[in-house]
Amino acid sequence: MQILLYDTTLRDGTQREGLSLSVEDKLKIARELDLLGVHYIEGGWPGSNPKDAEFFRRIRRIELHHARIAAFGSTRRADAACETDANIQALVDADTPVVTLVGKSSTLHVEQVLETTRQENLAMIADSVAYFKERGKEVVYDAEHFFDGYKLDAAYALATLSAAARAGADCLVLCDTNGGSLPHEVTEIVQAVRRHLANEGFAHSDAGRGPTLGIHTHNDGALAVANAIAAVRAGCVHVQGTINGYGERCGNMDLIPLIANLQLKLGYRCITPKQLRRLSEVSHYVAAVANLNPDTHAPFVGHSAFAHKGGIHVAAVAKVADSYQHIDPELVGNQMRIVVSELSGRGNVRMRARELGLDLNGNEQVVLQRIKELENRGFQFEAAEGSFEMLVRRAAPDYQPPFELLDFTVVVSKHGANDMTSQAMVKLKIGDEIMHTAAEGAGPVNALDMAIRKALLPHYPELANVQLVDYKVRIVDEHLGTAAKPRVLIESACGEERWSTVGCSENIIEASFMALWDSLELPLARRRAPAKYQAGTDR
């Protein structure tokens, strides 16, 4: 069975606290959703702000291959005509092929929020749907607060659906607006709706007569995806949600795991297998455009979704990948990762080294023991695969470091009202040559970085292309206060290639130096001793 995907990231998703999209952002995401194979893209509420109105003007000039654009708005106001209602006319001006109308299903909202009568609310629904059907639009009717309204007064909630259906609505969407329903409740109520519509003379949509049923869930009870799946199994064929579950409060239903579960676990058709392999890419792309960090532990598409850390787990997946994986990660564009830490076994070290293209030459136990010792001191190699790679390379008996530290000094000073200054002096040995350099920087770590580079660049000019792109400090033993150990994580980049390195010490300058040292030695070590296997980047 084909499931119709309705994405509301550009409207409902932007109600997430801290998320704001420009018109350009919305156009970029719309193109990506279209390529993913989404059937409907809700662009916004044209009557609410100029930004959404501009989006609808500009999206008309973009050729979409799969998706239909929907404009969202409410039914007409109480005791008003559609022809004079500003929001209704803004939907007309949006000129989209699909119009989504939200109306009240709960007597609580009709009487206490809208402050109108039950009969007038039914007329508002019917008049608004009929108004757009007369203009040739596909009309999606969102029955807001439907599940709560059904529990409060089932007969009236069903009457609102009948009003929309008789007026010609193409799809009736049952909304769990407050996100408090449970899967068994959703199943029972969807089945009750289907019986009601059949009794009203609306045949099941598979026969091509009458409206289809849809579901719109929120995640306040951490059940949005489960509730949507329950609704589909009960007969809904239209599903509304957002990419990454963005939305108000705890978020909307996340389309990413919904698509994967429906298609891979339950056999429904949502998108093509080729489009399914873009799930991870699309999830990360939307997060980047929204300027939000991707959830590394997100099901199916997170960086850690198929990461294996425990030694027993790794030993098993080395033999049979499916032993600790519920699907092949490549089906959704992700990949299996082996994580090394103090919980690792030799298999973790061996497999991770192989992923990096390195031959351990029987040194698995040596490297593993070193990892355990360092992690006991506060290091952490899960997010510092560059430092892990350096451990493996240095364990080789024939490894020759490209440079050696003899000593360094960092001085931080402040004189009166003047700005604080930082100076670093470094003495390195490169081959048979001793390099003694000094530099000033914006801070002690920057000064140290500049002094080291001043010594290395005449011998290794390629390091000019290596940039420090992120610097993080984490306190290991918070209870020790200012005597606690800081752990420093540095992310470096050279073109598209990135790697992370770690250092840990009671002295933050020394911890920074350790991470900085690995970050500069790694690209030189890779150039001098290319990997035997095809190695990828660390990210």
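**Aromatic pairs and strand packing in a predicted model**

Ring pairs join Phe 403, Phe 408, Phe 513 and Trp 517 into a cluster. The model is predicted, so local features require pLDDT of at least 70 and side-chain atom pairs count only at pLDDT 80 or more, while totals for chains, interfaces and linings use all residues. Residues are numbered from 1 along each chain as its sequence is written, and side-chain values use heavy atoms, with hydrogens and water left out.

Rings of Phe, Tyr and Trp (its six-membered ring) are taken as a pair if their centres lie within 6.5 Å; planes under 30 degrees apart are stacked, those over 60 edge-to-face, and the rest tilted. The count under this rule is 9 aromatic pairs. For Phe 55 and Phe 56, the ring centres are 5.5 Å apart and the planes stand at 75°, so this pair is edge-to-face. Phe 55 and Phe 56 are both buried (under 20% relative accessible area, with exposed over 50% and partly exposed in between; 1.4 Å probe, protein chains only). Phe 408 and Phe 513 form a stacked pair, with 4.5 Å from centre to centre and 25° between the planes. This pair links distant parts of the chain, 105 residues apart: Phe 408 belongs to strand β11 (residues 404-413) and Phe 513 to helix α18 (residues 508-528). Helices (H or I, at least four residues) and strands (E, at least two) are DSSP runs numbered from the N terminus. Phe 408 counts as partly exposed because its relative accessibility is 26%, whereas Phe 513, at 7%, counts as buried.

Charges over rings were also identified, the criterion being NZ of Lys or CZ of Arg within 6 Å of the ring centre and within 35 degrees of the ring normal. The charged end of Arg 11 sits over the ring of Phe 72, 3.6 Å from its centre. Arg 118 lies over the face of Tyr 156, at 5.6 Å from the ring centre.

Strand β11 is also part of an open sheet of 3 strands, ordered β11-β12-β13 with antiparallel pairing; two strands pair if DSSP finds at least two bridges between them. The edges are formed by β11 and β13 (433-441), each with a single partner strand, so one side of each has no neighbour in the sheet. Neighbouring strands are turned by 10° against each other on average, direction ignored. Strand β12 (residues 421-430) pairs with β13 in the antiparallel sense over 9 bridges, and Ser 422 stands opposite Gly 441 in β13. Helix α17 (residues 444-456) lies across β11, β12 and β13 and runs at about 145° to β13. Helix α18 packs on the sheet, touching β11 and β12, and its direction makes about 135° with that of β11. Contact means heavy atoms within 4.5 Å; axes are lines fitted to C-alpha atoms, for helices over the stretch in contact, and angles run from 0 to 180 degrees between N-to-C directions.

Elsewhere, strand β4 (residues 98-104) is mostly covered, with 7 of its 7 residues buried. Val 98, Thr 100, Val 102 and Lys 104 point one way from β4, and Val 99, Leu 101 and Gly 103 the other way. Strand β3 (residues 68-74) pairs with β4 in the parallel sense over 5 bridges, with Ser 74 opposite Val 102 in β4. Strand β5 (residues 138-144) runs parallel to β4 and is joined to it by 7 bridges; Thr 100 stands opposite Val 140 in β5.
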